[in-house]
Amino acid sequence: MAQILDQFGRPLNSEVLKSPQTARVAQITRHFPEHPSRGLSIRRLPRILEAAERGDLSAQADLFEDMIEKDGHIFSEMSKRKNALLGLDWSIEPPRNATAEEKNLTAMIREWMDDIANFEDIILNAAEAIGHGFSAQEIEWEFEENIWLPGRITLRPHRWFCTNPEIDDTVRLSDGSMNGAELWPFGWLVHTHNAKSGYVAQSGLYRVLVWPYLFKNYSVRDFAEFLEIYGLPARVGKYMEGSSAAQKDALLHALVTLGHNAAGIIPQGSEISFEAAADGQSDPFMAMIDWCERTVSKAVLGGTLTSQADGKSSTNALGNVHNEVRHDILVADAKQLHGFFQGMIHMLLSINGYQVSRRRLPKFVFDTSELEDIGSFSTGVSTLVQAGMKTIPLSWVHKKVGIPVPQNDEPVLEGAPTPAPMAGLSVSPYRAFAALSTMPEEISDSAQVALDSARSTPEAINEAMQALIAPLVTALQQGQTPDDALDIIAASYPTLDDAQLQQLLKQALFVADVWGRLNADS
């Protein structure tokens, strides 16, 4: 039996089919968050980031989790970016120039992926790598109907992992050893995301957001202190010379309680004076908070107008431009996830005994195309087709408007049938004359009738009736009688009725008369 290898050439560890790797490392489950955001300062933050660069990710991971919990703006913007991936349709596509066997393999993988429970959670958990730089989901396998499929896929806390930049830049399990334990092949789905270039510990987007988070917290803290004393007068206590430490503490306590409770006691001989009330405004604090939040929005979504309006420059046009940038970021995130799912497809095939070259694997594809507006798009395509363009494939039109090609003789929509001609009108190509012959009888001015009829003659001759009227006019110019002219038309077009012939004759006589008047002097 051929050895089962993962996408990196590592052999299958049979223990992974029995229990997950973390079940063998008891101490890791007792590793609780340390919440380094408490007392975070501009001096302490660089030390946390530097420790992560050396391979210790625990403090940095805990800090990033605190940021999400404590800053609602960061949570909101990151949720928008991650949840946008759930709105994309995905499919499993065969490789280029696929054989029949490869197409069958693609259909089988598609069925397997559909059978995996909570597939949306896998996508969302993989997107955690956008902020942290990586995400590691542990697999618990189930064997059913002679097929190995993931029964449970669990996102493990980022503080459980470490890296070893001196050896490689892979994610390893923090089991207490110096370099950490290598993740078991076929036991993990690991996604590394390059939100910014660098090693795994440096590639997460939260490394960028941690600085505006810190400065915003400074401003929020100062703003809270400002609101606490705003409008209160400054209180100054004076104690007598030779007062003991206890008397001084009692005076200070009285100053504090006097500000909150408007009542207090002081030692005899002490004195309290009130200075001017504290004044100021909130604008400097809010300006700093607003700058921090706008910086977060730009870093996460590429702009600010898709998250909030500032009342000044937030026009619809600028909002659309910012939304296009946001779509570009979505496309980039989706493309980075393609490699993650390619590894998952290779894992599913290998563990079930299918040896397929990585170059010929079925492809996991997100549909990131933007659908065209059907109204304007159909008008443009119709114009190009009528102009003679014969190179527009039907499959391209289906893709642009998001209308799938019908499968397996499924029913399709059809246009309404063309209504039958109204009774009393001719079905010949000379409908204009038939309509003129049915004009109401209210018009009694024969000259006006002739002018109205003549007004349509040039257009009719140019479009379809030149072959009919021209011979008639020629016959009248040659001196033939109207009856002879009628015989010519009747012989050429036997389907026209007498009323139409009379109308044609009237128009021809009128044209011949006008032509004769205009050319009488020539």
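## Basis of the values

The model is predicted, so local features need pLDDT of at least 70 and side-chain atom pairs count only at pLDDT 80 or more, while totals for chains, interfaces and linings use all residues. Residues are numbered from 1 along each chain as its sequence is written, and side-chain values use heavy atoms, with hydrogens and water left out.

## Packing of α1 and α2

Helix α1 (residues 44-53) and helix α2 (residues 58-70) pack with their axes 7 Å apart and at an angle of about 125°; helices (H or I, at least four residues) and strands (E, at least two) are DSSP runs, numbered from the N terminus. The axes are lines fitted to C-alpha atoms, for helices over the stretch in contact, and angles run from 0 to 180 degrees between N-to-C directions. The two helices α1 and α2 are therefore oblique to each other, where angles under 35 degrees count as roughly parallel, over 145 as roughly antiparallel, 65 to 115 as roughly perpendicular and the rest as oblique.

On the α1 side, Leu45, Ile48, Leu49 and Ala52 meet Ala59, Gln60 and Leu63 of α2, contact being defined by heavy atoms within 4.5 Å. By class, this contact has six nonpolar residues, one polar and no charged ones; Ala, Val, Leu, Ile, Met, Phe, Trp, Tyr, Cys and Pro count as nonpolar, Asp, Glu, Lys and Arg as charged, and the others, Gly among them, as polar.

## Salt bridges

The structure holds 13 salt bridges, each a side-chain nitrogen of Lys or Arg within 4 Å of a carboxyl oxygen of Asp or Glu. One of them joins the side chains of Arg159 and Asp62 at 3.8 Å, N to O. Arg159 lies in the loop between β3 (147-155) and β4 (161-164) and Asp62 in helix α2, so the pair ties together parts that are 97 residues apart in sequence. Both Arg159 and Asp62 are buried (under 20% relative accessible area, with exposed over 50% and partly exposed in between, for a 1.4 Å probe and protein chains only).

Another salt bridge links Glu293 with Lys216, their closest N and O atoms being 2.8 Å apart. Because Glu293 lies in helix α9 (residues 283-301) and Lys216 in helix α7 (residues 206-229), this pair ties together parts that are 77 residues apart in sequence. Glu293 and Lys216 are both buried.

## Strand β10 and its partner

Strand β10 (residues 363-366) has Phe364 and Phe366 on a covered face, and Lys363 and Val365 on an uncovered one. Strand β1 (residues 90-93) pairs with β10 in the antiparallel sense over four bridges, pairing requiring at least two DSSP bridges between two strands. Within this pairing, Trp90 stands opposite Phe366 in β10.
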